[in-house]
Amino acid sequence: MDDIKVTISCTTYNHEDYISDALEGFLMQKTNFSYEIFVHDDASTDRTAEIIKEYEKRNPDKIKGIYQKENQYSRGVAIIFDILLPMAHGKYIALCEGDDYWNDPYKLQKQMEEMERHPECELCAHGAMVVEAKTKQVVDEVKRSSENCIFPPEKVIAGGGGFVATNSLMIKREQLERDIDLLREFPLDYFVQIMGSIRGGMLYLSDIMSSYRWMAKNSWSERMNKDLERCVEHIDRCNTMLERIDTRTNRKYKDIIAKVIVSNKIYQLELNGQYKCIVKNYAQVLRKMPCRQRLKIYIKAYFPWLKTIRDRIRNGHDKQQ
């Protein structure tokens with residue numbers, strides 16, 4: 001166990017259509033060091049656990065499955081921090097959810113080598129593709145730089161949770177353990193990114209080495225998209241966490257944190273259709289927005305009937321085609 005450099009941490013729930021791709025991506029890694037794979041199945045009701053067990057049986061030296069009989073996420077358990085992290089032996093933790101996958105066999109090797117070259121950095125990320133869930137057709141990419149670099153914490157905070165793909169993250173285990181009280185309370189990858197970048201920035205590799213499935217079945221993004229109330233509550237939690245980080249960092253990043261919180265509040269109002277409230281309470285922010293974005297908010301606030309006309313025209317055009 002002392003030889004293990006990287007622990008792969010995979011959380012999954014009802015991902016029978018996807019989990020094989022994730023596991024194959026883990027097993028194809030070519031490294032000059034040892035790594036381990038922990039796969040946590042959160043009481044799936046489909047064949048996810050069965051598929052993991054098949055892989056575990058064929059690769060007992062690599063894969064360790066953790067199978068729950070009762071869903072832990074719904075009980076408020078922070079699976080990565082409460083269950084998987086205490087089991088890890090690696091110096092670094094690589095994250096990947098069960099509906100995503102890696103497509104570069106040297107991903108772990110590249111990240112580990114760069115992390116060793118930059119001991120001041122506690123977090124490493126890289127480019128990723130966004131693919132259609134079923135077909136794997138590329139629809140976008142998450143690439144923040146065309147060359148390797150180190151992003152300062154301000155850039156990470158401003159970037160939000162989608163700044164980099166979760167399945168691109170590699171973090172020093174000691175950093176997660178040090179900030180576990182905060183991360184356990186708010187177990188979101190956005191805050192893993194922020195806390196991991198606070199001390200030395202985010203080490204970023206420009207290579208695209210993983211794929212993120214957009215709106216995969218049973219994914220976090222799909223659940224948020226379907227449940228408006230839950231999405232609004234999530235934004236509230238994010239703002240609370242940002243305020244906590246602001247305090248913990250002695251308000252070193254107060255300006256960018258305040259800007260993100262205001263942006264989140266405006267987004268909440270947009271979700272609830274409260275455009276007049278945006279105009280009334282955030283006039284100064286609106287003036288700094290791009291003209292097109294600002295115009296959309298004013299139209300929705302004072303001329304909502306224009307959207308109705310536009311939608312009717314579009315629907316009529318679609319029927320004709």
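Me: Two strands pair if DSSP finds at least two bridges between them, and strands are DSSP runs of E with at least two residues, numbered from the N terminus. What makes strand 6 and strand 10 a pair?

Reply: This is a predicted model, in which local features need pLDDT of at least 70, side-chain atom pairs count only at pLDDT 80 or more, and totals for chains, interfaces and linings use all residues. Residues are numbered from 1 along each chain as its sequence is written, and side-chain values use heavy atoms, without hydrogens and water. Ten bridges join strand 6 to strand 10, and the requirement is at least two. The two strands therefore pair, and they run parallel. Within strand 10, Arg-213 is the bridge partner of Val-131.

Me: How do you know that strand 8 (residues 149-151) also pairs with strand 10?

Reply: Three bridges link them, in the antiparallel sense; at least two are required, so the strands pair. Phe-151 stands opposite Met-202 in strand 10.

Me: Why are the buried residues of helix 1 said to line one face?

Reply: Buried means under 20% relative accessible area, against over 50% for exposed and partly exposed in between (1.4 Å probe, protein chains only). In helix 1 (residues 19-27; a helix is a DSSP run of H or I with at least four residues), the buried residues are Ile-19, Ala-22, Leu-23, Gly-25 and Phe-26. Seen down the helix axis, they fall within an arc of 160°, so they line one face; the arc is that of the directions from the axis to the C-beta atoms.
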